[in-house]
Amino acid sequence: MKFRCVMIDAGPMREFSNIVATISKLSKECVLRVTAEQLYFIVCDENNGPTPPVLWCEIPQALFFSEYQMVGLDDEHKDIYLEVISVNLAKSLVTLKSAKSLKMKLTKKQCPCITLEIESPSATSQQMRHVTHDIPVIVIPRMRWSEFNEPKIPYPDISIELPPLKQLRTTIDRMRAMASEVVIRASAEGRLTLQIRTDMAKVSTRFKGLTVEAFGGPIEHSDSETETQINEDMSRICTCRVDAKKFSLFLSADQIAHNRTVCSVVHKKLVILCLQTQENVKIQCFISGIVY
Amino acid sequence: MDSGKTLCSLLKAIQFQECAVFCALPEGLKLTVDEGKCVQASAYIPSDNFTEYHVRDDVDVIFKISIAVLSECLNIFGSAEESSLKMYYRNEGSPLLLVLQPQSVHNVMTDCEISTQTADSVLELRDEDAAEVAKLVLKAPAFLGLLADLERSCDIIEIHLSPEHPNVSIVTYGMQDRSCIDVPKSSDMVQSFSCEEPVTLKYQLHHIRLIMKALALSTKVVLRCSANGLLLLQLKLEKEDQRQMFSEFYIVPLLDD
């Protein structure tokens with residue numbers, strides 16, 4: 001097994017650092033999958049053992065790295081799967097925003113490590129500073145690889161463009177202070193509603209005029225939980241109740257400079273947030289719905 | 001109302017209890033909070049702060065509401081955003097409705113229904129018969145600085161007021177120390193001073209500290225002491241558009257054993 005790569009462009013380095021920082025907020029551990037074409041960051045739900053991942057991030061190597069070499073486990077299994085404490089990685093990569101270059105490689109010290117060599121300009125002199133971080137990793141054996149397969153996404157009932165994440169996050173954070181769950185409602189007419197309901201208050205924030213990318217309706221509303229609204233065709237509205245804290249955590253991805261974000265909803269089951277950056281990084285977050 | 005921002009910060013300043021009594025009068029809104037019947041804080045929003053303001057005059061519009069939820073709702077688009085606000089209330093038992101819309105973004109709005117409860121009677125701390133013995137007008141930022149300088153570990157604050165020099169002296173007692181701050185009436189922070197004969201008043205320091213958030217927003221503060229020791233602080237908050245909002249604190253004195 002071999003893995004070595006070099007990054008020298010400022011843009012991708014900043015982005016890489018932001019991506020890892022966002023992941024470290026979501027989860028203590030993450031899995032780094034290295035393949036010939038892409039780097040993957042995969043986060044699984046910590047409590048629930050082998051479940052579909054909650055975050056799936058693809059980074060195309062060609063756009064990020066100036067040098068990239070890797071040799072997999074063997075001829076048949078050409079990938080490498082590493083388990084790493086995401087905070088360690090994020091902390092070491094903080095300086096990357098002002099750095100000149102990054103070398104990242106898989107090394108064998110007392111234990112397997114990812115070694116980061118960061119070269120950054122010194123503030124006081126012309127000389128360069130070299131900082132080396134060794135981050136212990138666990139090499140995931142072949143038999144556990146299947147736990148980190150790409151999730152099979154049920155066909156979403158609706159895919160709708162999201163308003164600016166920062167704005168969305170402020171609103172969700174206010175709501176989170178009042179309630180633990182938030183209902184997301186997306187309509188085929190381009191409306192997105194966030195709603196909380198507690199003993200004290202009922203608050204709903206409505207965004208309108210959003211682009212609808214796909215709509216798979218009509219949606220069947222069988223129960224009386226969803227209140228009927230006048231002037232709205234319920235068969236064109238899709239809802240999902242999710243944990244407000246999780247949702248807000250995923251929205252912290254607003255740090256990553258992104259091109260567009262799309263929210264897909266599988267009625268009452270799943271919310272998928274998909275974020276795409278200029279460098280063609282794709283980050284998908286999966287938040288499962290809460291059903292009573 | 002064009003911007004709920006000032007209202008929100010004013011509410012935060014008196015938010016030391018969960019619930020407030022919300023009272024809509026023809027001249028404006030009043031929200032009152034009290035703590036252990038010792039401190040009573042009110043926020044006044046005169047009706048001219050609203051672009052439109054209607055109150056039925058044949059019934060009392062008064063109810064209890066969670067001030068925490070209300071200020072969260074007002075702040076739903078974040079503190080950086082100026083958002084316009086509409087408020088509605090139908091009748092006793094119905095929720096308070098808020099509609100908020102940020103000024104910079106047009107495709108979004110929030111509506112809130114905040115449940116209300118029947119208000120208990122509001123404690124009347126003021127005694128009409130007690131004469132006013134002293135009145136001071138101070139600059140709020142300077143007074144805030146003075147309070148911030150006081151030792152936090154002290155429990156009791158003593159205020160001596162007298163027509164003689166030094167006109168105001170504030171004494172705190174700590175574990176090992178006694179500290180004293182004198183403010184003569186010629187000081188820059190004192191805008192007016194009237195006191196006929198010397199008085200000494202004792203208060204719990206943490207009661208006094210409750211006003212600090214409101215002081216930080218205000219420009220001017222009026223202190224009034226009545227003969228029974230009750231301290232009334234009236235704070236004036238000036239907005240950019242020349243309109244004013246007020247907050248008012250009644251603080252009950254400590255009695256000598």
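**Spacing of the two domains**

I started with the distance: the C-alpha centres of domain 1 and domain 2 of chain B lie 28 Å apart. I noted that this is a predicted model. Then I looked up the bounds: chain B is divided into domain 1, residues 5-114, and domain 2, residues 132-251.

**Who touches whom**

Next I checked the contacts. I found 20 residues of domain 1 of chain B in contact with 17 residues of domain 2 of chain B.

I also looked up the area buried between domain 1 and domain 2 of chain B. It comes to about 1,700 Å², and carbon and sulfur atoms give 63% of that. Which residues of domain 1 of chain B lose the most area to domain 2? I got Val39(B), Tyr44(B) and Asn49(B), which together make up 27% of what that side buries.

**Polar links**

I went looking for salt bridges across the interface of domain 1 and domain 2 of chain B, and the rule finds zero. For polar contact across this interface, I noted five residue pairs, both residues at pLDDT 80 or more.

**The domain 1 side**

Which elements give two or more residues to the side of domain 1 of chain B that touches domain 2? I wrote down helix H1 (5-13) and strand S3 (39-46) of chain B. S3(B) gives the most to that side, with eight residues.

Last, I sorted the residues on the side of domain 1 of chain B that touches domain 2: I have twelve nonpolar, five polar and three charged.

Note on methods
Residues are numbered from 1 along each chain as its sequence is written. Chains are lettered from A and ligands numbered from 1 in the order in which they are written. This is a predicted model: local features need pLDDT of at least 70, side-chain atom pairs count only at pLDDT 80 or more; totals for chains, interfaces and linings use all residues. Side-chain values use heavy atoms; hydrogens and water are left out. Domain bounds come from an automatic or database domain assignment. Contact means heavy atoms within 4.5 Å. Buried area is the accessible area (1.4 Å probe) that two parts lose on being put together, summed over both. A salt bridge is a side-chain nitrogen of Lys or Arg within 4 Å of a carboxyl oxygen of Asp or Glu. A polar contact is a pair of N or O atoms within 3.5 Å; within protein, one must be able to donate a hydrogen and the other to accept it, and residues adjacent in sequence count only if both atoms are side-chain atoms. Helices (H or I, at least four residues) and strands (E, at least two) are DSSP runs, numbered from the N terminus. Ala, Val, Leu, Ile, Met, Phe, Trp, Tyr, Cys and Pro count as nonpolar, Asp, Glu, Lys and Arg as charged, and the others, Gly among them, as polar.
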